[in-house]
Each structure stands twice: as structure tokens, then as C-alpha cells.
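Here's a quick tour for anyone meeting this structure for the first time. Have the 3D view open as you read.

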Amino acid sequence: MSTKPKVVTIDGNEAASYVAYRVNEVCAIYPITPSSPMAEFADEWTTKGITNIWGNIPEIVEMQSEGGAAGAVHGALQAGALTTTFTASQGLMLMLPNMYKIAGELTSAVIHVAARSLAAQALSIFGDHSDIMAARTTGFGLLASSSVQEAHDQALIAQAATLASRIPFIHFFDGFRTSHEVNKLTLLSDDQIRAMIDDKLVIAHRERGLSPDHPFIRGTAQNPDVYFQGRETVNSYYLETPGIVQDAMDKFAQLTGRTYHLFDYTGAPDAERVIILMGSGAETAMETADYLAEKGEKVGVIQVRLFRPFSIKHFLKALPTSVKKIAVLDRTKEPGSAGEPMYQDFATGLLDALQNGKIAQMPFLVGGRYGLSSKEFTPAMVKGIFDELAKDKPKNFFTIGIEDDVTHMNLTYDPSFTLDESKWTQALFFGLGADGTVGANKNSIKIIGENTPLYAQGFFVYDSKKSGSQTVSHLRFGPKPIRAPYLIGKADFIACHKFNFIEKSDILGAAKEGATLLLNSPFGPEEIWDKFPRLIQEALIQKKLRFFLIDATKVAQETGMGTMINTIMQTCFFALSGVLPREEAIAQIKKAIEKTYFKKGPAVIQKNFAAVDATLARLFEVKVPSQSTSKKEFPPIVSDKAPAFVKEVTAMMMAGRGDELPVSMLPVDGTYPSGTTKWEKRNIAEFIPSWEADTCIQCGNCSFVCPHSVIRAKFFHEGYLEGAPISFKSAPISARGFPETRYTLEIYAEDCTGCNLCVEACPAYDLKDRTRKAINMVEKPADLEKERANIAFFEGIPLNDRSQVDFSSVRGSQYLEPLFEFSGACAGCGETPYVRLLSQLFGDHLIVANATGCSSIYGGNQPTTPWTTNAEGRGPAWSNSLFEDNAEFGLGMRVSADKHAQMAQDLLRKLAPELNAELVDALLHQPQELESQLRKQRERVAALKVQLLKMENPLADHLLSVADSLVRRSVWLIGGDGWAYDIGSSGLDHVLASGRNVNVLVLDTEVYSNTGGQMSKATPTAATAKFAAAGKRVGKKDLALQAISYGNVYVAQVAMGANPQQTLLAIREAEAYDGPSLVLAYSHCIAHGIDMTKGMEQQDLAVASGYWPLLRYNPALRKAGRNPFVLDSPRPSIKLPEYAYKELRYKILTRTNPEEAKVLMELAQELVDQRWNTYEDMATWKAEAFSPIY
Amino acid sequence: MDLRTTYMGLPLRSPIVVSASTLSQDPGKIVQMEDCGAGAVVLFSLFEEQIRAEMEFYESVMRSTSGVFAEAMDYFPDESEYNIGTEQYLEIIRKAKEQVEIPIIASLNGVTNEGWIEYARQMEQAGADGIEINIFYIPADTSLTGAEVEQRYVDIVKTVKNTVKIPIAVKLNPYFSAMGNMAKRLEEAGADALVLFNRFYQPNFNIDKMEVVFDLEYSHPNEIRLPLLWIAILRGQLNASLAATTGIQGAPEIIKYLLAGADVTMTASALYKHGIRYLQTMNRELKEWMDRFMFVSVREVQGLLSQQNIANPSAYERANYIKILEAQK
């Protein structure tokens, strides 16, 4: 090609999607981590009018699940369109049935997969080949890419091959490595893409499609007579496919100069020890083999690109004849198998080759597992495997990278081994989520990768929290392509963008000798040394680090950048790292600033320029003293009071040392103790609430809305105040009939995220100063000793007796202990206050089935989890199955609980003659509606157990095992709108129709929040979302009305920011109703693009505008002959735009397409008005107008 | 009948100009205004703090939703993908200029020096025929002297004048000790026109909720007297054009302002109340009135009752006041 190829720095997802988009006509999509960005890019390009190579814009259709996407793909293919989809993990599992069909019908198609672990003992969003291997029986070809460039190139090779072979392909690359690694690559031109795609084959594909103009039937049912033969008809296609793929690779090489083979070998030509693997690990292994071969070791690596259809012929061509020992590495686990899948294919293939004389003798073949769930796979591990192969009898079925102290399968290796890293500049950046560090680093990679001859690579590691998370950016720069898909072990440059990281953890552990440390610090050069813990001082001295200091926060404030420190820290990196000469580096930064802020005008550009200049003037080098002086140690990860498991296992994960945990330390079945967030004390807030006891009216609103359960209330006899710390606050209780009683609102300062919702919710103003409320944000003290002492004292005061508390008022409910606390949800989360409330109301008899999504991540992501227990050791029993099956999963729990209750009752009756008759009668017949009644039933069960333990009747043992089920279980199915409206919709519908006593809480954020805000059927008209960038034209599904149509389902729509009392009432009614209940809870979310401190205010506006009417439909009222439909919110007092245009999701459209925004907003208003009228009308109906119930 | 006039050096076909209002947010309505006989359109005001607040809001949302956790690298398209800041305003200028022939006057309500300069420049580049600078400033700081406040107005005018080549009008409030002198100083600073007067949206209280209420009331015909006074006084004493705004609900107020000496008269309230087509009515009624008095050109009407042109100039001064008081007896 005559034109100079375009060089870009993008990640693997974009690289693959770029090609997929150009060579397809239809994409059926559904979001799933880590493949979502592929679909998002495709959708975005459609919105921008970008065309494929035939000049038309591909049709993008978002489906309700991956199963739906696969069906749509199948249909589109059958109708003749070039069709693709993007997925991963569980998504691929849902596609399997269609994939058999697509392959069985010899249909050309490529599915692009960011390969990810499958949920087994736990879910994992990270990368391995479990999903790919589960799909290997479908008949799809499996083509693996190992790098960002390959993901780009092979997306095209796969498309060319599928058209030529008629075998459909999965083109895959490693999720959360290649998918998210930013690297420099050469972009394929449209001419090159066109040259690879034979239009005759495209037309042939089209002609194989169904058409009434030349009809045929496909998809029939066959009988025993011909099914078998029919299955064998495809053989010749599979036999030819490897050759076709290689032909495509060869043609590609001619066009681009980049050469690929089905199996590529690198290493010593006379290698005796060879490792075989595929995916990103191959890059690491190949670099290591070359390095070792250069040093004279007879080692080599074969990278597998085409795993299926498997071609031993092509493999043998690549394998040096000198090879004596082979290790086949699988990035998956197939428990109970004779070996992992790729190992088995090679074993079979080699045996066949031996039997047929293709090889003289069988090499010593071993298999091993590595890198599950993105476990690091390093050159040291590769070296370890080669060393094992050097042994007489290398271990088979080994693991590498972990310590298996139970079955001793792991290999040992020397972790200090590295390749020659001097060819790169390696930099590590420690940032706070959302502080712009990741964005700035991506920008740096772009600047260097796209504007200089240097190569650049970036990978970004996040912790598992959604608020106050730490990000670590791993950046490499060098003169040659960077093939190092593993984290940086030894860095030349370390930047710490948040000062307190250096106080808490050993961020210099990864510093090379002579490396540079850049620290953003409020302390100046004179005082900084004394602020460091001992280990940091020692590392600075011993590693001879150069140390630079900047007060980026101050520079940002002074240069009008507000709290944005990213440009400042990026400037420091450019000035200090030496990747580019300083002058050039600064010029490049300024060029990038001009480009970024072009639309915002010269003033914004100048402001950024000024920040760059001010940065350089305020960047100080600090001379490192020769002696360490600090006595300060890093704070302990968890308190000494923590249970042993937390100290030994959880704390290791919290400290970022989970890799060091051996197999024996982990539970065998994914069962972990509840309530571990309380040990974490993340201290992420800079400002925390402070309670003004004198101003407070003790309404409970602040703790009611608190997303992190950090505000706790108790009332107690004043006698308990004896010995209270001086700073412990209390006030006389503001209720009659409680003499000598005090009230305290305690703030858990170390667990607070500083979200400000409590202050917003507080209705009480200081009469003397209207700017102050009964709760106000204050700067968090550096020393929290007082706060800790107050909390300890508060915890020593007895909890309020649940049977004495008024459950029906907001105020009363806040005396109930939350059994969901300190989750990792976003600061100001709109979902967690509802979840916390459930735990307060029903926690000690609560069973939760939680759909995958935000709530399962903040509810169940390791290392620490928020569902906890009360002083009796009781608390919510929580589990997450999948995304799509949560309703069914929860129903199963209900059925099981009911079955056990029934068994217990039956056994009670049978054993009655041997038991206290009065007790048996009470156990069987006393009500369990109120808290006091539940408490009595528990006492009765305890008494029963005492009697049963003394009995010798074998039935007593059975009754003992189910006796707890005699206490009523409250089963709740929790999930987001992605689950309830889309992927789990049919299951939810079925479960609601079952009539069983399950309670459903839908945390409705109106998008797929966890995966980045993709449209769901709950997304409202006129709002934008991912996959609905042009604004949603279809109305939100009225799930409430759907459920009401059954008649026997309790339905409520709530928004606690608008009416907390109604929320409380609805949740209690739902639980009390002996049948299915559905509570739709408006949950503000970062995906709405709002000021999160005003989340509750937005809820209020949503209700005030009539967009979110508060309602309750109670079948019990219908049964009593009353209108079951109650509209709890007043008539709309504002128009929809007054609420909607405070949110970026609506506002964006006014900026991208104002005319369309206007049309859609008018439509949305009409929908709101119409729905309101319908509801208002329903509220006046007679009972008979609603469905009669059994 | 010749309704043509000249305003800040721009030839207009009618002295009836649409003043800054949300009506001009829709380019389609600007076309309608031209069709209905508007002499010119002053676009709705670009408020610097609004632009800044919006940019800050976008920035803060983008920042707080990007790179937060592994599964969601972002929630919204990159800011460069959509028009925030002034872009949408400038686009309206561009569209209006493409679609209509009458002058389009941008309206700028700045806060900072940089804001005045940058946004004025952008408006000029987008094709605005003139800029109305709307100085809405309440000197709540009790340490500020009158002289300092006046100087601030003068400085802003100078700043904008030095930035752009297109004519500028200054919309100001009447609360100066020496309005006449102030007008003169603004003209000397570079104002090509003065728009008399700006209506401050003054707060009200809700005594039930004990809250400050910011509600909007359309201007009323009886509010024309103050601008009428000053236009009548300033007519002939300045080279700058005079625009009358406030209180115009129909042709009678327009005629009064013209008689006082206004080069143009501006209204939005009348259009809010009666619709854009009311421009036709007002033009027709102006013509009918002129016809009745046999004027053939608006220029003949302008300033007929100004202080300089009436037999008893003191009518506009103290004597007039005494006369009114006497009449009350």
C-alpha cells in the first residue's frame, strides 16, 4: 500500500472492534465485562455515521441477554447478513445453543471474545480461557490473539477465513489483559481490509440466506435414520479449514508485512524443551525463550493461534525435530479431566502422529495450568517451567504462579528472574479512582506513542471498590515494540498521586535502584522527611532513589484547575521520566492540551498552559538524607480484634498480597465469613459529617439515606453515660414517655465516604445560623483517636430492643442495627440505602438472592463483604448465582425454606408425643408477623432443640437439622433493572406468577450501571445511555402495571429521597404480604451524570415531576373489597425537564442533537402525563375493577 | 412608509427589535421574527457564569465517572464529542446568519475580564453583526464607591471594544447618580449604542415558606417612564444610538419611545404575551399611527418630543416635577 500506515495507541477491545465493524453489516450486542467496550465502540461509530468497507453503516441492535444476542446473530446470518457479536464468559455460555446451530449450518460468522473466567466457586471478571474452552465443542473455529496488534489483525484473518471455509469462528484474546492493554499498533487501512475480504464469498454468504424469492427450509428436525450421517457431512469443511486460515494469514502477510502462522515457533533452532500455549501468555513465554536461547539454553515456545480445528500437521511443521520435552499450558481448569483441553488435544495429536509415523518418538509431554483469572504470568514462571522440563521426570498436571500446599501440584520458581528490562522505561502511578490519573496516563501513551517513534504500553489495575478505589497504572516506553503482557515488577519511575498511599503501603517495593519517586504532597521539602514511615525512608536511602515533590493540589487550586491534578502530575512525569527530552516533552503536552481543549476556547487552554508552567516552577527535588529517622510503621491492615480468618486471609487480600496465599488458606467451596468490611477502615473521606446534638430533631433521615451505614442511632438510659469520653455526644431523647433517656447519633468516621447525602436529607437548621444543620460536613481530623473512642463507647451501649422499636416510622427504623454496612459502593450510592433498610428490618431472618451487577459486586466482591451479623450471630444469608437466573435462584431458596419448614412441622407432629405438647402447639400455630412474635418463636425453637438433643429417636436428628426453618424466612430477590427488565425478565415474570412468597427489590438505575451505563428497558425516553447515544425513543417498560395485571402480586414503586416514610411502609407491606411482592426502587446513580451529593434531591424531583409516581398495589386490600391501588405521590408540581435536565444523561442530547432532544423531551412529557392520568384514574376504581384473586 | 432606522451603525428596516429572550434560542423562531418584520434580533444572553458552571458540572461528572473501577471505564462520551460551553450559542449565531438577513446581535453577560474578551471574540467570529453587553451587576459590596462601580462599567466597555471590530451596545441599569454623564463616559469608552434600561429581576418573598422567591414578571407599560425620560434627555447629546427597552406591550409604547428619541425599540414581553406574529401588528399599528399624522419616515418621528426638541426643555427636569405635584393638589 502506498500510503503510510496509521499508527495509533488503543486497547485490544478497540483494535478488534475496529475490524469487526468494518467487515460486518449487523452487530447484535449485550454488555458484559470485559468485552463491553467492543460493543460500545461499534455503537458509537454507528452514531457518528462511520461506515463499513462497503460504505454502509452497520445495524447495531442491543438485545436483552447474550442468549438473545446469539439468537439475533443466528437469525441475521440465516437471512444473509454479515453478522457479529462481542462477548465473554457467562455471555458466551448463553450463546452456546445457538453456536451449535450456527456451526451445524456451516454459517460464516465471527464472534469476538475477550476471554474471561467462568463463575465457579466465585465470579471473576478477569481473564482466562475457561469460557473459550467451554465453547470448544460447538464446532466454532477458535483463533487466539496474543497482543493488541494481533487482536486487530486476526479479527480480519478470522473474517476472511470464515467466509472461505464456512466454519464460524470465535476470535478471542485475553480479557483484562489484551482487551484492556493500550499498546501502539499499526492500523489496517480500509484498502487492506477490502483486499482480504473476497466479495464473491460475501455474496455467496448472502445467497445462502433465506429468501421467499427462492425458498428452502433449514433448521429441520431429523430422526435416527439420518441425523448421524448429517452430522458427518461437515467433515471435509473442518479438514480444509486450517489450510484456509493459513492461506488467509499468508495473504495478510503479503498485504501488511505482518506474518502469522497457525503455530509459530520461537527459540533455539535445536530446542529440546518447548512450551506450548496461546493468548497473551505466549508473548511472555516467547520473549523469555528468546532471552534464554540467546544465553545458550535449548528452549523454545510454540504459540498456538488456531486451536480449533486442530491441525497436528501444521503443528509438526512448526515443532523443531530436536524437541524432547513439551509442556502444554492451559489457561483454564477442567476439574476431573484427564488433562486440560489443549494438553489433551496435543496428546491425542502427537499419539496419532506417532502411530502414523509422522514423528519418530513421542516427546515427554506434560500439561500445566497458569494464569487463571488474570493471575500474573511472568518470565520468571516461564523460566520455572523450562527448568522443570530440564528434570528427568517433569511434573505433569502442574500449576504455576500459585502455592498449592494441599495437592502440591505447583512448580516452584525463582520470582526474582527478569528479562532485560533496560530496553524500556517502566513507570508506575498510584492514583485514586476518578482523580484523572488513568486518563492522564492514557493521554501520555497517546502523546508518546502517536507523536514520537517510541513504543508505548499501558495497563491499569483497579481495586475492587467503587468508591475511593486505588488505581495503579503500569506504563512502559521503549524504542522497540513492547511485548510484555504482565505487570511491572521493577519500575524506573514511581508516582504517588495521593499522599496517604505512601503512609499506608510499600509503594516503593517495586522501585529499581536509582529510580525516581514523584510524590504529590501537601508537605514541603523541609518537612516531608519526617512524615514518612520507616520503610519508605529506608527504601529511599537503600535504593538510592531520586525524590521529587510537588503540591499538585495547591498548584491546581492556584492555577484555576480546581481539584484536577492530572495535568500537573502528567507534566511532572514528562519533565522527570526522561522518556522524551524535557523541552520536547513539555511542547508535546501543550500540543495535546490544545487538541483536547480546542472546543473550550483559548482561556481554558491558557489555564492549562499556566498549570504546566506553574508545575515546572513548583517541582522540587528533595535531597534524601543518608540516615533513616522514622519510627513510624505502616498501620496494621486490620485490627487485632479481627477474627483469625480475617487476619490471616482477608487482610492479605486487603494488603494486595493475595497472590501469596496458598491453596490451603482458601475455603474449598467459596464459602466465606459474613461481615468483613467492618475490619477494613478505608478512611477514604476527606470530609465527614459532624452531628450537632442540640440542633437535631432526631428524625432519623440522615441514617435512613446513608449509603454506607456509617450513621447509627441509639437511645439509652442516661446512666450509660457514665465513663463516656468527653467528646461523646448525646442529647435528651425528643419523645414523650422516655424519662432520663438520651439519644446519640454516632458517625463511623473511618468508614464514611463523605458523600454528603446525610446533610442533604437533614431537615433541621440551626435557628441562629441558617447555613448550618443538625449534621454538617467537617474536615476529617488527622488523628481519629477521639472518634474511635466514641465509637467503641457507643458500641458498648446495648442495642435498642427490636421489640421496643417502632418499625413503622423512619425514626424508629433507624434504631435497628444495619446488617449491611460499609460496602464498596460508590460514594452517595442510590441503591445501598434500600439494601441497608432491608437488613435493618428483616436482617436476622433474611435470605437474599442477588443478581449479578452493582449490588452483587458491592455486596459480594472480595476481599471484604458488607453483609454482616448481629450480636447473636444471625444475619442475612446472601448468595449470587448468575445475572439471568436470579428470580429462579431466589424462588429455589423460597421453595427450599418452605419445604424445610413443612418437614419440620411434619416431624414436630410425629414427635409430638415425646415433646412438650404446649411447645409443639405454639411452634405450629403461633403467629410470626411481628418482631416480638418472631423473637418468641426463636425462643421456642431453642427450647425444642434442648429437648431434641436429649432424644434418641433418629427423627429427632432430622428435626434438629431443620428446626430453624420453623422461624419464618424472609426471602428477597435483589437486582438491578438490567436483571429485572432485561436478562432476567422472563424468570422474574414466572416467579411473580408462581404465587410464592418471595419479595423482589429492583434497584432501578435505569441502565446497566455496573458495566458502564448501557441502555436497558428501564431507560427512559429522551435519556441517552450507552447503546442509546441518540436518545431513547421507546418508553420505559411499566413493570409495575405488568405485575399488577396478575392481581395477586404486591407492587410498590418507591423513591426514598421523595418520601422515606412511603418507602418504609411499602417494604414492610411487601414483606408482610404472603405472596409475591415487587418493589421498584428509584436509585440515583453515577450513570445519570448528576451531582451525587444531590442524589436524594433528584429522587424528589423525579417524583415531583410525575416521572416516578409513588404507588402501592396491595392484593390484601382487593381481597377485603377495597381499592388495592394507592397513589402515594401528589400531582406533578413541575414539568419533566425541570427534573431531567439536571442530569447529564438527558442533557447530552441537547448538546449533540438539540432538535431531537426537544422532540424526545416532548414525547417523554406526554408519556409522563399519560401514565399519571392512568394511575390517577386507577386510584379511583372500585375493587372489582382489579383482577379477582384466589 | 419608511420604517428604516440606523442602530449602532447597522441599517435596520424597522425600529422594532426583538430584545434578548429565550425566544431566540430556536433558530426557527428567529426566521419567524424576520418574516414578521423585526428590524433586528438580539439573541438571548450568554451568561459567563452559566457557561463556566456548566463546564464545571460536565468536568466534574466526567471526572467522577471515568476510570473509577475496572468494569466501567467511563459512563459518558468524551466531552469533545458534544458542544458544551459557548459552542451551542455560537452555532445559533451561525445558523441565524445563514437563514436571515436582518442583523443578529449577540448578547453577552460576562463576569470576568477573560470572559468578556473571549466570548465577545467568539461571537464576532461566529458572525454576529453586533454585541449587546449586558452588565448585570449589583454592587452589594458596601465598601465599593460609586466612582469604582462606574469605572467598572467603563472598563468593561473598553475591554470589549478593544477586542472586537463589530459595534457594541451597552445595556445598563438606571441607578447611577449622574446617568447623563455615565452615558457620555460609556460612549467615550466605545459604546456604539446604549440600551435603556436593564430590568433587574428583583427578589420577592414567600411569607408562607419564609423563602426568597425569584419569579419573573413581564414588563408593564407603566415602566416605560424612566427610560422615556432618559432617552428624551440624551437624544441629541450623544452620537451613540439609543435603544429603548422595558414596558413595550404594543405600538403606543414604541411610538412614545421613538418620539422621545429612541433609534430602536426593543421588546420580548409583547411577543411572549401575544406571539411572534405580534411583530406584524406592532409594525402595522406604527405605520397606521404615522399615517394618521402624515409621517413618511420613522426618522421624522425620532426625537420629536426629546428634551432638545420641545419648546419647554425644563419639562424633563425639576420644574416638571413641581408641576406634577401642583397638579395633585
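Buried residues make up 53% of the 1190 residues in chain A. Keep in mind that this is a predicted model.

**The chain as a whole**

- With 1190 residues, a compact globule would have a radius of gyration near 32 Å, and chain A fits that because its own value is 32 Å.
- Along its principal axes, the C-alpha trace of chain A spans about 90 × 85 × 75 Å.
- Looking at contacts in chain A with a separation of 6 or more, 77% come from residues 24 or more positions apart.
- There are 41 helices and 39 strands in chain A.

**A nine-stranded sheet**

- Nine strands of chain A make an open sheet with mixed pairing, running in the order E1-E8-E17-E18-E16-E19-E20-E21-E22.
- Strand E1 (7-11) and strand E22 (620-622) of chain A sit at the edges with a single partner strand each, so one side of each has no neighbour in the sheet.
- From one strand to the next, the twist averages 25 degrees.

**Zooming in on a strand pair**

- Strands of a sheet pair through backbone hydrogen bonds, either parallel or antiparallel.
- Ala427(A) has Phe493(A) in E19(A) as its bridge partner.

**A helix on the sheet**

- Helix H6 (residues 148-165) of chain A packs on the sheet, where it touches E1 and strand E8 (182-186).
- The direction of helix H6 of chain A makes about 50 degrees with that of E8(A).

Notes: Residues are numbered from 1 along each chain as its sequence is written. Chains are lettered from A and ligands numbered from 1 in the order in which they are written. This is a predicted model: local features need pLDDT of at least 70, side-chain atom pairs count only at pLDDT 80 or more; totals for chains, interfaces and linings use all residues. Helices (H or I, at least four residues) and strands (E, at least two) are DSSP runs, numbered from the N terminus. The radius of gyration is taken over C-alpha atoms; the globule rule is 2.2 Å times the number of residues to the power 0.38. A residue is buried if 20 or more other C-beta atoms lie within 10 Å of its own, exposed if 12 or fewer, and partly exposed in between; C-beta atoms are placed from the backbone. Two residues are in contact if their C-beta atoms, placed from the backbone, lie within 7 Å. Two strands pair if DSSP finds at least two bridges between them. Axes are lines fitted to C-alpha atoms, for helices over the stretch in contact, and angles run from 0 to 180 degrees between N-to-C directions.
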